[in-house]
Amino acid sequence: MKQKRETANGFSRRNFIKATAIGVGASALTGFSSTKARAVSFPEKWDKEADVVVVGYGGAGAVTAITAHDVGASVLVLEKAPFKGGGSTAISFGTLASPTNADDAAAYLYAACGGLEPAGSLTPKAVVDAWAKEVCKNKEFLEELGLEYRVMFGPEFKNLPGSAAMKTLEVSGRGQAFFAALEQNVKSRGIEVMFDSPATELIQDPDTKQILGVKTKSTGENKKIKARKAVVLCTGGFEFNEEMKRDFLKCYPMKFYGWKYNTGDGVKMAQKVGADLWHMDILAGGNCAWFPEDPVNVGYPVSVRTNNYIWVNKFGSRYCNEPKWVMNHHNGWVIFSEFSFDEPGYSRIPTYVIFDETARKAGSIYESFPSTSREILPSELGGYPAWSEDNTAEIGKGWIKKGDTLSALAAAIGAPVDSDLLEASVKTYNGFCASKNDPEFGRPASTLKPVETPPFYAVPIYPGLVCTNGGARRNEKAQILNPDKQPIPRLYSAGSFGSVHGRIYSVFGGNIGELCAFGRIAGRNAAAELPWS
């Protein structure tokens, strides 16, 4: 399906990006007088300035910048990467939630965030309602961009109220095409993007707590960027910050394949100016292979091409119906979170995929999806070389362990894998294959193929894969809040940094759906602020 409306700049300015009831004046947003913006004395020299400064040039940053521009603000974007934006959006599947009606969408997300339980939703009703109202406009948004898409049925949890409305759109050309369309619209408006310019600190008035601008290290030089109206943080997650993952996620270690510049910078900057945090333990993810020898330090989605495989925990014991979890890309991490009090530690991290020569010959175990993942990026942005078709290169690197016998494979993997336990796991599983019945874990009979042809192989997999969703707490206007739930003046956010998802990632296409919705909300409201000088 395709609809395209030509305009002078390639993107018509419809109601969903215009100042509406959500885009209210500065008095409602900051608490300052609506008749006169408070004068602030700040003696430092500014290197650049704009009405709205957007930190991060992924999908959220692009949508925010476009929206703020189209309601009359001058916009400057800071991007950490040395060139080319896009973030995780550009290497994604390009799926975005676009429910059929706001009431059902709100009911669904509110329930998914815990709203049907005594303690209530982890995301306030006002925020849920704002998300629902705006996310339902995503179909129109895609059509204004002139993008082709297909409609998918998209609830992660079909039993929740409102699930029938949870439709998802998949952009033709996936995340690459989606971000390319956003980028074209940023460029056509003349919005400046400063690459190689990581934001390092927010500049805050010590008395009023207003955010006045941003410090950045642009091409190695310290600069101060003045934001006359507001700063919007669109910095994504903390997938590549080991300390934050260890401290905040529900199990550890977790590994991810996404944008290597997502190191939690927004979290640190927001904390320094008094922001509250929320949803720090939420992520969208399943599993991926990871190898300490890999200089790229990135997760690889993997899937054995035949059913001649099993999963075992780090001791060598089989523990699940494997096909159920292999391709669960959004919440498949959950099965890895079992905690053993004997160690103590996470007994399923890493898990080893054990497969035989039949599976190895069937093809590359790397799960390649067209136009997605880091394989499409240049090496300077964290791209990685193609996986070998027969897995031999990875065996040669030592990423895939090999043994002529299961005992030799256990020795190649090393402690704490127990050789006897691994052999017993494979022997028991092969018996299930012979009888076409898995009484332990209920693996479907059609998938019960033996692991019996030597040599044998093992690849380590970890929970993680897509992205984290925690960050600064935001309200329904996209304002970042302090621990008293009051807005920090002139500070906003959009995207996966402080996502609306609480308790569990619950919306198929939720990340891109939300960055579109809250990017528009943040852009309108940031642009509506009165300038502080």
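**Reading a predicted fold, one feature at a time**

Student: Where is K436 found, and what is its phi?

Tutor: K436 sits in the loop between α14 (419–435) and β18. Those labels are DSSP runs numbered from the N terminus: helices are H or I runs of at least four residues, and strands are E runs of at least two. Phi of K436 is near 55°, a positive value in a residue other than glycine. D196 also has a positive phi of about 55° without being a glycine. D196 belongs to the loop between β6 (192–194) and β7 (199–204), and its relative accessibility of 31% makes it partly exposed.

Student: What is the average pLDDT of the protein?

Tutor: pLDDT is the predictor's confidence in each residue, from 0 to 100. The protein averages 92, and 92% of the residues score at least 70. Residues 1–28 stay under 50, and the model has 75 contacts for them beyond four places in sequence; a contact means heavy atoms within 4.5 Å. Over residues 30–41 the pLDDT is also below 50, with 27 contacts beyond near neighbours in sequence.

Student: Which residues have the most contacts inside the largest nonpolar core?

Tutor: The general idea is that, in soluble globular proteins, nonpolar side chains tend to be buried together. A nonpolar core here is a set of buried Ala, Val, Leu, Ile, Met, Phe, Trp, Tyr and Cys residues joined through side-chain atoms within 4.5 Å. The largest one has 78 residues, and V231, L233, Y300, W311 and F355 have the most contacts inside it. Strand β18 (residues 456–468) gives the most to this core, with seven residues. Looking beyond four places in sequence, F355 touches residues including V304, Y309, I400, V451 and F456. Apart from this core lies another, of 62 residues, among them I191, A478, Y492 and L515.

Student: At what angle do α5 and α15 pack?

Tutor: Two packed helices are described by the angle between their axes and the distance between the axes. Axes are lines fitted to C-alpha atoms, for helices over the stretch in contact, and angles run from 0 to 180 degrees between N-to-C directions. Helix α5 (residues 125–135) meets helix α15 (residues 510–528) at about 100°, with the axes 9 Å apart. α5 and α15 are therefore roughly perpendicular; angles of 65 to 115 degrees get that label, while under 35 is roughly parallel, over 145 roughly antiparallel and the rest oblique. On the α5 side the contact uses V127, A130, W131, E134 and V135, and on the α15 side G513, E514, A517, F518, R520, I521 and R524. These residues divide into seven nonpolar, one polar and four charged.

Student: Which residues of α9 are buried, and what covers them?

Tutor: In α9 (residues 265–272), G266, V267, M269 and A270 are buried. Their cover includes β1 (48–55), β7, β9 (221–233), α8, β11 (277–278) and β19 (471–472). Just after α9, G274 takes a positive phi of about 95°.

Student: Which peptide bonds are cis?

Tutor: Among them are the bond from Y252 to P253, with omega near 0°, and the bond from E343 to P344, with omega near -5°. P253 lies in the loop between α8 (242–248) and β10 (255–256), whereas P344 lies in the loop between β14 (339–340) and β15 (345–346).

Student: Is S163 buried or exposed?

Tutor: S163 is buried, with a relative accessible area of 9%. S163 is in the loop between β4 (149–153) and β5 (167–171), and beyond four places in sequence it touches Y108, F153, P155, F157 and K158.

Key:
Residues are numbered from 1 along each chain as its sequence is written. This is a predicted model: local features need pLDDT of at least 70, side-chain atom pairs count only at pLDDT 80 or more; totals for chains, interfaces and linings use all residues. Side-chain values use heavy atoms; hydrogens and water are left out. Ala, Val, Leu, Ile, Met, Phe, Trp, Tyr, Cys and Pro count as nonpolar, Asp, Glu, Lys and Arg as charged, and the others, Gly among them, as polar. Buried means under 20% relative accessible area, exposed over 50%, partly exposed in between (1.4 Å probe, protein chains only).
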